[in-house]
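Reader: I am new to this structure. Could you show it to me and then take some questions?

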Amino acid sequence: MAETDFDVIVIGAGPGGYVAAIRAAQLGLRTACVESRETLGGTCLNVGCIPSKALLHASELFEEANHGTLAKWGVKTTGVELDLPTMHATRDEAVKGLTQGVAFLFKKNKIEWLKGHARFTGKDAIEIGGTAYRAKNFVIATGSSVTPLPGVEIDQERIVDSTGALALPKVPGHMVVIGGGVIGLELGSVWRRLGAKVTVVEFLDQILPGMDGDVRKEANKIFRKQGFEFRLSTKVTKAERKGESVVLTMEPAAGPSTGSGQAETIEADVVLVSIGRRPNTEGLGLDAAGIQLNKRGQIEVDHNFRTGVPGIWAIGDVTPGPMLAHKAEDEGIAVAENIAGLTGIVNHNVIPSVVYTMPEIAGVGLTEEEAKAHGEVRIGRFPMMANSRAKTNREPDGFVKVIADAKSDRVLGVWMIASVAGTMIAQAAQAMEFGATSEDIAYTCHAHPTHSEAVKEAAMAVRGLPIHI
Ligand code: FAD
Ligand code: NAD
């Protein structure tokens, strides 16, 4: 007989799990949430979204002061110095405030935090540190961890993953980033701004896979202008510690004997491994629950987030789809509503993604390449250079691109590079959620002067009628 009984036990207190637990409790369900970390909030709040954004913000301020951006505005600074321990302390403060905030919300909503690692012992029971718990429903929200790279062993000192890269005690002279995806570019930006030379080694022939082709090309150009070095179509086969540095062996992605180059070595002070993340399912006892994984190690779910086993649901990074906090959160709300007998829905076609570099890179919906594969499209582009606010703020890099169906004019995707693209993309997502046409956006009044006017102009450009170019 179980010692504790709940309507719902959520496993994992990341943005998926903690949000699911709060919504379940709001809907009157007796709810517990299991978390093995010392603090709530999962990867995102502890070692992901929040600490990385704290360092991105801080390093941007440092670069603005150090490289003359502030001076251009008549804000003179002398003797600019980096105080890295204070930067890290302020990052920690942000994490502490937000993770404690989740603990407060758990108390407020009377959610029991079951501390420890959960393991299924059957279809309706788990065990945590020797104690058994039964529930009518389980939500698996165990998230993801860094994908290891064979031959490159992470020691969190010289060869680090994102968690190590958030806490480096010293600015490296040369940082080699393996993987030109979101983490590599965000954390590479942090350390480049603070003084490191950053080389990104990317397996594919372009950075930021999955994003719109124009955006990938333009982002590459902008990052190179900032000082990033890219080694595309290249793979790292080995990393060896040599005293205080690391020697990396690289070769063409297609292999050294393909005629596209030979194996070579480079030296780095710090190597960041950021080649993707994989679902956390080890030690979860999924066999006992009768749950099988797909080929990518993920838990498959239906549209309602049900696994194949009645009463067991799954959301967030452990399931297929983009590994994003807001996707996990929306799924958390929907799964709780479904468990409560309501209709919880997530529109997976309209999940925005943002890279928080400077400028930011954002997109929602189909890329141009994907849209063209579905049928005829019309595309409107507008450069940030022609946007009055961006120009005034001396932020000329980037553009907005609206992709619409040629016949219906319905917006299929919006992509952009702009200093505040992460904020601007929200209106595009909302428009798409409401089934907007490019004409709807073009005839919506946008406040002046704002970066968002570039979205309106790109929508006008779909019919070839932008005003300011
Ligand atoms: P997680 O946040 O990974 O939480 C899962 C939790 O479950 C963990 O706390 C883990 O300890 C716990 N757990 C696992 N197994 C068990 C078990 N058996 N028992 C008990 N507890 C368990 N996404 C964005 O949208 N925006 C960003 O800016 C962003 N920045 C990121 C920066 C970095 C450096 C990283 C690494 C990720 C970033 N992400 C970002 C991705 C985002 O963090 C994830 O998509 C999100 O955290 C997934 O939420 P989740 O709830 O599925 O899982
Ligand atoms: P990613 O999938 O974004 O990028 C990994 C990159 O590594 C890809 O470009 C891939 O081609 C490359 N790669 C893979 N194997 C390689 C190899 N052997 N050698 C060289 N390159 C290789 O993964 P990530 O950057 O590690 O991020 C993990 C997840 O975290 C992502 O899914 C992302 O959505 C999430 N995240 C999101 C944000 C955000 O929303 N701003 C920030 C950080 C992380």
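The questions below go through helix packing, a pocket and some backbone details.

Author: This is a predicted model, where local features need pLDDT of at least 70, side-chain atom pairs count only at pLDDT 80 or more, and totals for chains, interfaces and linings use all residues. Residues are numbered from 1 along each chain as its sequence is written, chains are lettered from A and ligands numbered from 1 in the order in which they are written, and side-chain values use heavy atoms, with hydrogens and water left out.

Reader: How do the axes of α1 and α10 lie relative to each other?

Author: Helices (H or I, at least four residues) and strands (E, at least two) are DSSP runs, numbered from the N terminus. Axes are lines fitted to C-alpha atoms, for helices over the stretch in contact, with angles from 0 to 180 degrees between N-to-C directions. The axes of α1 (residues 15–26) and α10 (residues 325–339) cross at roughly 30° and come within 7 Å. Angles under 35 degrees count as roughly parallel, over 145 as roughly antiparallel, 65 to 115 as roughly perpendicular and the rest as oblique, so α1 and α10 are roughly parallel.

Reader: Which residues of α1 meet α10?

Author: Contact means heavy atoms within 4.5 Å. On the α10 side, the residues are A325, A328, E329, G332, I333, V335, A336 and E337. On the α1 side, they are P15, G16, V19, A20, R23 and A24.

Reader: How many residues of each class does the contact of α1 with α5 have?

Author: The axes of α1 and α5 (residues 84–108) come within 10 Å and cross at roughly 25°. Y18, A21 and I22 of α1 touch V102, L105 and F106 of α5. Ala, Val, Leu, Ile, Met, Phe, Trp, Tyr, Cys and Pro count as nonpolar, Asp, Glu, Lys and Arg as charged, and the others, Gly among them, as polar. The count is no polar, no charged and six nonpolar residues.

Reader: Is the crossing of α3 and α7 left-handed or right-handed?

Author: The axes of α3 and α7 come within 9 Å and cross at roughly 35°. A crossing is left-handed if the near helix is turned anticlockwise from the far one by less than a right angle, and right-handed if clockwise. For α3 and α7, the crossing is left-handed.

Reader: Which residues are closest to the centre of the second largest pocket?

Author: On a 1 Å grid over the protein atoms alone, a pocket is an open set of points where a 1.4 Å probe fits, with protein on both sides within 12 Å along at least five of seven lines; lining residues have an atom within 4 Å of a point. The second largest pocket holds about 720 Å³ of space, a volume being the space filled by probe spheres set on the points, which are joined across faces, edges and corners. Its lining has six nonpolar, five polar and 10 charged residues. The closest to the centre are E60, E63, T69, M358 and R394.

Reader: What is omega at the peptide bond that joins M358 and P359?

Author: Most peptide bonds are trans. P359 lies in the loop between β18 (353–355) and β19 (360–365). Its bond to M358 is cis, with omega about -5°.

Reader: Where is the place of F305?

Author: Most residues other than glycine have a negative phi. F305 has a positive phi, near 75°. Its place is the loop between α9 (286–289) and β17 (312–314).
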